[in-house]
Structure formats: C-alpha cells, structure tokens
Amino acid sequence: MIFNAGAAAVGHAPFCPRIEDLYCGPWGEEIRRLRPARVTAMIFRQLFDSVSSTYTYLIASRRGGEALIIDPVLEKVDRYIQLVDELDLRLVKAVDTHLHADHITGLGALRDRTHCITVMGEMAKVDVVSMRVTEGDKLTIEGLALDVLYTPGHTDDSYSYLMGDRVFTGDTLLIRGTGRTDFQNGSAQAQYQSLFGKLLKLPDETTTRAKRSRPSARRRRSTRVCR
Ligand SMILES: [Fe+2]
C-alpha cells in the first residue's frame, strides 16, 4: 500500500514508516537508521506554503551537512535559508519536479543566495537550470542518492524522485488525488502510465511525498490551484 504521508501536514500526526526510524515529528523527521556496521543519519523536513498549498522537502546528510531541496516556493526562500543555517547545513542542490503553474519557483533565488545547483528534468523547457536529469539518473548529495523517474502526465516535464522508502511525486500523484492533465502538455494517457506503470509498482512500503494535497471543494472555488 502506498501511504500519502504528506497528509500529516494538514494537522494530523505523521506516520513512522519504518521501525528503525527513531523519531518522527509533525513537520519532519530526524531519522537515524541503524545499520549493521555503522550509523548513518539523514535530516528530513517537510515544509508547507499555505498560499499555494505546496509541500517542499529539505533532505540532508548530517555527516557532511550537504542539503537538497525539492519544489521550493519563492516567497519562502528566507525561511528555507534560515532553516538550513539553523541546522548547520549547506544547500548544494535545488530541484523542481516540473514547471509549476501555481507558484513561482524559488530555484533562482536560492541559486543566487546560496550558489546551489538548480535541477530539473531534461524535458523542462526552461533555460535557467544548471543541471538536467533524465530517467535512470541518480541525483546525489553526500551520502544520499535519489533515483530519477520520468513521470509525465500532469505536464510533459514531470519527474519523480525515489529515495529508499519514499518517492517525491510532485503533482503526478497528490494526496487523495492526481494532478490535472489539461494544460502544460498534460496527457491523461501518460498520467495513467506514470501512475500504474511506475509509481504504483513501487514496493508496498514506499511512502508518497506529494507536492500538494488535493484541495477541498471550498478551496477549489476560491483559489486558482494547480491540481
Ligand atoms: Fe503542477
């Protein structure tokens, strides 16, 4: 079963996906995984922008302090940098899962202020990123690696990132829903293949880290959202 972990950010206690996770907090987890020969540590934070209903993820290796951020929002860049400083980390990569229509990306501002590498998939029709990835690539920071999955459908430049027991799905797979397919070269057929041919074939213990929660009917009426 795939668990929509991001739902925790709307007020419920989060799940602890694996028994070796020693601590899970409502807005993130400081995970210390016990291995037979050594102890490795990963910092994981789920952040939320209430205006665009966007979930942003900060991942870092505790040992060397290298950090990676997924789907940052421009208006929250100060907060991200503050958090990185508080955790004594160094932001080395900023990633967008796809070209966003519901918020302005924070990639450029983060690059300007931290000199991080900006990353998108090779299908993205933008010329401001410094690194492009494709299906089968590994996106790495010290001690951590994310497998790149091409998951078009919501848009034709949508990518997901698999890291161990969790997958970052952008708007391809939302919390209680899927992303719309009627703009930005979206395709319902491609979305079906991405969902049932890739994401839903991941191991049952894989948890989904979506970019957003499917908004309520009331919210859909009052705001423009990228569903
Ligand atoms: Fe989107």
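Tutor: Let's start with a working rule for this predicted model: a residue is buried if 20 or more other C-beta atoms lie within 10 Å of its own.

Student: Then what makes Thr97 buried?

Tutor: Set the value against the rule: Thr97 has 26 other C-beta atoms within 10 Å, and the cut-off is 20 or more, so Thr97 counts as buried.

Student: Where is Thr97 in the chain, and which residues is Thr97 in contact with?

Tutor: Thr97 sits in the loop between β6 (90-95) and α2 (107-114). Beyond its neighbours within four places in sequence, its contacts include Ile70, Asp71, Ser158, Phe168 and Lys211. Ser158 is 61 residues from Thr97 along the chain, yet their C-alpha atoms are separated by 5.7 Å.

Student: Now helix α1: why are its buried residues said to line one face?

Tutor: The buried residues of α1 (residues 77-86) are Val77, Tyr80 and Val84. Viewed down the helix axis, they fall within an arc of 60°, so they line one face. An α-helix has 3.6 residues a turn, so residues three or four places apart point the same way.

Student: What do the buried residues of α1 pack against, and which residues are exposed on the other side?

Tutor: They pack against β5 (66-70), β6 and α2. On the other side, Asp78, Gln82, Asp85 and Glu86 are exposed, a label that calls for 12 or fewer C-beta atoms within 10 Å.

Student: Which residues touch the most other members of the largest nonpolar core?

Tutor: Of its 45 residues, those are Ala67, Ile69, Leu91, Ala94, Leu110 and Tyr161. Strand β4 (residues 54-61) gives the largest share, 5 residues.

Note on methods
Residues numbered from 1 in each chain as written. Predicted model: local features only at pLDDT ≥ 70, side-chain atom pairs only at ≥ 80, totals over all residues. Core = buried A, V, L, I, M, F, W, Y, C linked by C-beta atoms within 7 Å. Helix = DSSP H or I, 4+ residues; strand = E, 2+ residues; numbered from the N terminus. Contact = placed C-beta atoms within 7 Å. Arc of directions from axis to C-beta.
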